[in-house]
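Trainee: I'd like to learn how to read a model like this one. Please take me through the features, one at a time.

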Amino acid sequence: MIMTEILKDLQPVEVFKYFEKLSRIPRGSGNEKEVSDYLVSFAKEHSLEYVQDAVLNVIIKKKATPGYENVPSIILQGHMDMVCEKNKDTEHDFTKDPLKLRILDDMIYATGTTLGADNGIAVAMGLAILASNQYQHPAVELVVTTSEETGMDGVVALDPKDVEGRTLINIDSEEEGTLLVSCAGGVTAKTSIPADWEATSDTTFIPYGIKISGLKGGHSGMEIDKERGNANKLLGRILMSILAEKDFRLSSINGGAKNNAIPREAEAVVLVNADDKAFVEKKIAEYGNVFSTELRTSDADVKVEFEVLPTLPSEMLSKESTHHVVNYLYLAINGITSMSMDIKGLVESSLNLGVINTNKDSIEFISAIRSSVKSLKTDLYNRLVVTAKLNGGNVVSEGDYPEWAYSPDSKIRVIFENVYEQMYGKKPHITAIHAGLECGLFTEKFDSMDAISFGPNLYDVHTPNEHMSISSVQRTWEYLLEVLKNIK
């Protein structure tokens, strides 16, 4: 069965047609050339003005429909890249394989991988509007950016002269009926702890593999408040509990795949003295029970496994390096650090230790820091710097992006509110989000930019269980068309 048959009977037809086409194109962050060129070919096919810049952002422009010629242009905005996560038993190459879509009741899933509805559905809606002549709207600029998921590099590089509009409709939210009017800023902190390697000449060592798995994971901003287990930090607790009483050596430690996803799995290879075998096995088993109790509601399927490995690794970290790595992993702050006192229930500041990599020269830890208060974001970064220095390491920052401040005078928010109330007889939920949105960079980069963010119901984004509501897409599409019609 060819992929184009999967969604062909769904409404709205044009939106799902383009979503399916996008799903056939590999588009992980940093691998956007093919999808960027596809957007250019779309623009050429429809005789639309376009810009493709050096970092592969694409801007496609369409003139106003009759009666809207004197209305200022509107920006429809989303990002072309997606988070690439898959289950361990799934064979999928994100650099070349199309996503395998499937429908279950009202939901669209991929098979064993992320779906890429974050943010493919925004691009699909934008293309559907550009391709049709039956909808009423002002002049439209579809701005599709690159590398949003890894630091918003695309919008950072966007040239203001290529964009005319000063009203931004961002379609990168995940809850229907909710209008986002503010978001957190963020920065990525990359910590390196030097690796001093030694040969494993002592044959009395016993090599153990320790693995954390079975966790739900999720978006490190949107779902940080769900108190799900962080596999990296859980592994750190086990290692520290052993190191507090018995020496061992690390041979490798790895966990997570993306800094903006709560890590679902982590594993380490440790070399233990033969005399400590019973103690180590008992300690690991104890923590399996501890985690099952602690996470019985939020992550009931957590698993802690260990095994004696058949061969002894050829290298191990020195005693000092092992201590530094375990100390940093255990002490590095993680999770929610403050709640907003202005908006009830809103996370104000958090960290997610999303990735651990064992490299030749160092052990690397990558954390996503988020806060709606700039000074607190800086403070959290500095605390990681201090923790790293105490353990012989250093920290560098990447992808620093600003918070998006609430604008009490937003005209586009009023239009969205009024249209929603006309359509559904109730007011939309207006709130802020503890995650990075490109709106913050747009409002910083462009003077007088009036912005709002909305979208259909998405679930479990940044995980292989990501899924999207079909009926919600249809309602959100109809809402968007009505908003465009009412902008005059």
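**Reading the model**

Mentor: Let's start inside: strand 20 gives the most to the lining of the largest cavity, with three residues. This is a predicted model, so local features need pLDDT of at least 70 and side-chain atom pairs count only at pLDDT 80 or more, while totals for chains, interfaces and linings use all residues. Residues are numbered from 1 along each chain as its sequence is written, and side-chain values use heavy atoms, with hydrogens and water left out.

Trainee: How many cavities of 30 Å³ or more does the structure hold?

Mentor: First, the idea: rolling a probe the size of a water molecule over the atoms shows where empty space is left. On a 1 Å grid over the protein atoms alone, a cavity is a set of points where a 1.4 Å probe fits but cannot get out; a pocket is an open set with protein on both sides within 12 Å along at least five of seven lines; lining residues have an atom within 4 Å of a point. Points are joined across faces, edges and corners, and a volume is the space filled by probe spheres set on them. In this model there are three such cavities, and the largest has about 270 Å³ of space.

Trainee: Which residues lie nearest the centre of the largest cavity?

Mentor: Glu148, Asn260, Arg370, Tyr401 and Gly436, out of 25 lining residues. Strand 9 (185-194) and strand 20 (362-371) each supply at least two residues of that lining. Helices (H or I, at least four residues) and strands (E, at least two) are DSSP runs, numbered from the N terminus. By class, the lining splits into nine nonpolar, ten polar and six charged residues. Here Ala, Val, Leu, Ile, Met, Phe, Trp, Tyr, Cys and Pro count as nonpolar, Asp, Glu, Lys and Arg as charged, and the others, Gly among them, as polar.

Trainee: What about the second largest cavity?

Mentor: The second largest cavity has a volume of about 60 Å³. Its lining includes Leu22, Met82, Cys84, His92 and Phe94, and divides into eight nonpolar, two polar and two charged residues.

Trainee: And how much space lies in the largest pocket?

Mentor: About 550 Å³. The largest pocket has 26 lining residues, with Glu175, Met222, Asp225, Ala432 and Ile433 nearest its centre. Strand 22 supplies the largest share of that lining, four residues. The classes come out as eleven nonpolar, eight polar and seven charged.

Trainee: Which residues touch the most other members in the largest nonpolar core?

Mentor: In soluble globular proteins, nonpolar side chains tend to be buried together. A nonpolar core is a set of buried Ala, Val, Leu, Ile, Met, Phe, Trp, Tyr and Cys residues joined through side-chain atoms within 4.5 Å. Buried means under 20% relative accessible area, exposed over 50%, partly exposed in between (1.4 Å probe, protein chains only). The largest core has 65 residues, and Ile169 and Met468 touch the most other members. Helix 3 (residues 117-131) contributes the largest share of this core, ten residues. Another core, of 49 residues, lies apart from it; Val187, Leu235, Leu239 and Ile369 are among its members.

Trainee: What is Ile169 in contact with, leaving aside its neighbours within four places in sequence?

Mentor: Contact means heavy atoms within 4.5 Å. The partners of Ile169 include Ile74, Leu76, Phe416, Phe454 and Leu484.

Trainee: How many aromatic pairs does the structure hold?

Mentor: Rings of Phe, Tyr and Trp (its six-membered ring) pair if their centres lie within 6.5 Å; planes under 30 degrees apart count as stacked, over 60 as edge-to-face and the rest as tilted. There are eleven pairs here. Take Tyr208 and Phe306: the ring centres are 6.3 Å apart and the planes sit at 50°, so the pair is tilted. This pair links distant parts of the chain, with Tyr208 in strand 11 (residues 205-213) and Phe306 in strand 16 (residues 303-308), 98 residues apart. Tyr208 counts as buried because its relative accessibility is 0%, whereas Phe306, at 33%, counts as partly exposed. Ring pairs also join Phe416, Tyr420, Tyr424, Phe454 and Tyr479 into a cluster.

Trainee: What should I look at in the backbone?

Mentor: The peptide bond from Gln11 to Pro12 is cis, with omega near -5°, and Pro12 sits in the segment before helix 1. Another cis bond joins Asp118 and Asn119, with omega about 15°; Asn119 lies in helix 3. For phi, Met152 has a positive value, near 60°, in a residue other than glycine, and Glu227 has one near 55°.

Trainee: Is Met152 buried or exposed?

Mentor: Met152 is buried, with a relative accessible area of 2%, whereas Glu227 is exposed at 53%.
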